[in-house]
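Reader: I am new to this structure. Could you take me through it in short steps?

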Amino acid sequence: MGNRKGGDTLPLHCKGDSGAPRGKPVEFRPFKRWFPWLVPLFVIANVALFVLTMYVNNCPQSESRVANVVGMTSSSRCVLQSELGRFSFQPIRENPLLGPSSSTLLKMGALAVSNVVSGGQSWRMLTCIWLHGGVVHIFANMLSLLLIGIRLEQEFGFVRIGMLYVMSGIGGSLLSALFMQGSISVGASGALFGLLGSMLSELLTNWTIYENKLSALSILVIIIVINLAVGILPHVDNSAHIGGFISGFLLGFIILIRPQFAYINRKNAPPVYQAPKKRKYKTYQIILLLIALILLILGFAVGLVVLFSGVNLSEKCSWCHYLSCIPTSRWSCSNSSSQTSCLSSQLGNQLNLTCEATNKMRTYYLQNQNASDAVYQLCADLCS
């Protein structure tokens, strides 16, 4: 964010102030500076939940279970199994981010539209923003959260930044559920993009208190465009990024609004100085607040109605999938989730699986016919 007029403190020259030498400037802060504790707590919670997820995942045991189901000798492919034991990662071809399996993420609360709409598990829209797909995923998100979130919490306090983070995350989950219904979704990216969006709206609504306005705006827009552009790569859920960004952008006009400096100067002026009365907020700030509030309420209401009506917006919009991935000669944009979706038929102990994404077929002979987790793992291996 750009430098505010007067910096963090404003000198006020007052003659005869008690406790201060005559003629010495007395400094006051126009806005309170907060000690940032909530953002670091969010980081700790995310890391702790990732460790718990890896404990539940227990890759060596799941690999052994799959081998037992199909009657094969277990030859574990878990990454760093000898060093990490049950905390070792799934095979690289299954999860290149160095993390757990999709089935474990589902157990822990990943966003799956069928579970939300048909299973009554709306809570997944909140829990998914605290889960991550792997070490690479959580490292990138938590580093971004520290760099962006601490600065915002210092400026606006833990209540507003906490609300902004959670609501932006839910907004990202909502748009992801509307457009990515064949996949599961995890990660704090929507919430992080909400923080970026709020920085932009905060700059716009508090425009008059900033110096170097155009420079600050240009730098911020470039950062946002670069981050959104990353979302066109495969296996990145850009719909969650866009949903979080829009939610945060609208919330910024509502909860990050600042009083104008003329109002603050009059409020902090000594009693002997009678400054002209000033309104706390400018007219354009109030207008932007009302517009943002209406759009935010309508957006969430319409989005939830469409979601629970069972509508898949990706089927209604022929070009919207390009917002999440643009195919090139170097990569394809086949849905990563459909890679773990299989058609199955079973006759006795014979299981036939067909990967819907690649049409690969394979027959397995099961020793245990009631091992759904292992069958899911077989499907993931087949589609890898």
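Reader: Where does L80 lie?

Author: This is a predicted model, where local features need pLDDT of at least 70, side-chain atom pairs count only at pLDDT 80 or more, and totals for chains, interfaces and linings use all residues. Residues are numbered from 1 along each chain as its sequence is written, and side-chain values use heavy atoms, with hydrogens and water left out. Helices are DSSP runs of H or I with at least four residues, strands are runs of E with at least two, and both are numbered from the N terminus. L80 lies in the loop between helix 2 (59-69) and helix 3 (81-84).

Reader: What is the phi of L80?

Author: Most residues other than glycine have a negative phi. L80 is not a glycine, yet its phi is positive, near 60°.

Reader: Is L80 buried, partly exposed or exposed?

Author: Buried means under 20% relative accessible area, exposed means over 50%, and partly exposed is in between (1.4 Å probe, protein chains only). L80 has 43% relative accessibility, so it counts as partly exposed.

Reader: Which loop holds L98, and what is its phi?

Author: L98 sits in the loop between helix 3 and helix 4 (102-108). L98 is not a glycine, but its phi is positive, at about 65°.

Reader: How many helices and strands does the chain have?

Author: The runs are assigned by DSSP. They come to 15 helices and 7 strands.

Reader: What share of the chain is buried?

Author: The chain has 384 residues. Of these, the buried residues make up 42%.

Reader: How far apart are the end C-alpha atoms of helix 11?

Author: Helix 11 covers residues 238-255, which is 18 residues. The expected span is 1.5 Å times one less than the number of residues, so helix 11 should span 26 Å. The model agrees, with its end C-alpha atoms 25 Å apart.

Reader: How many residues of helix 11 are buried?

Author: Helix 11 is mostly covered. Of its 18 residues, the buried ones number 15.

Reader: At what angle do helix 1 and helix 8 cross?

Author: Axes are lines fitted to C-alpha atoms, for helices over the stretch in contact, and angles run from 0 to 180 degrees between N-to-C directions. Angles under 35 degrees count as roughly parallel, over 145 as roughly antiparallel, 65 to 115 as roughly perpendicular and the rest as oblique. Helix 1 (residues 38-57) and helix 8 (residues 158-179) are therefore oblique. Their axes come within 10 Å and cross at roughly 40°.

Reader: Which residues of helix 8 meet helix 1?

Author: Contact means heavy atoms within 4.5 Å. Helix 1 brings L38, V39, F42 and N46. Their partners in helix 8 are F158, I161, G162 and Y165.

Reader: How many salt bridges does the structure hold?

Author: A salt bridge is a side-chain nitrogen of Lys or Arg within 4 Å of a carboxyl oxygen of Asp or Glu. The structure holds 3.

Reader: How far apart in sequence are the parts that E155 and R33 tie together?

Author: E155 and R33 form a salt bridge, with the closest N and O atoms 2.9 Å apart. E155 lies in helix 7 (residues 135-156) and R33 in the loop between strand 2 (26-28) and helix 1, so the parts they tie together are 122 residues apart.
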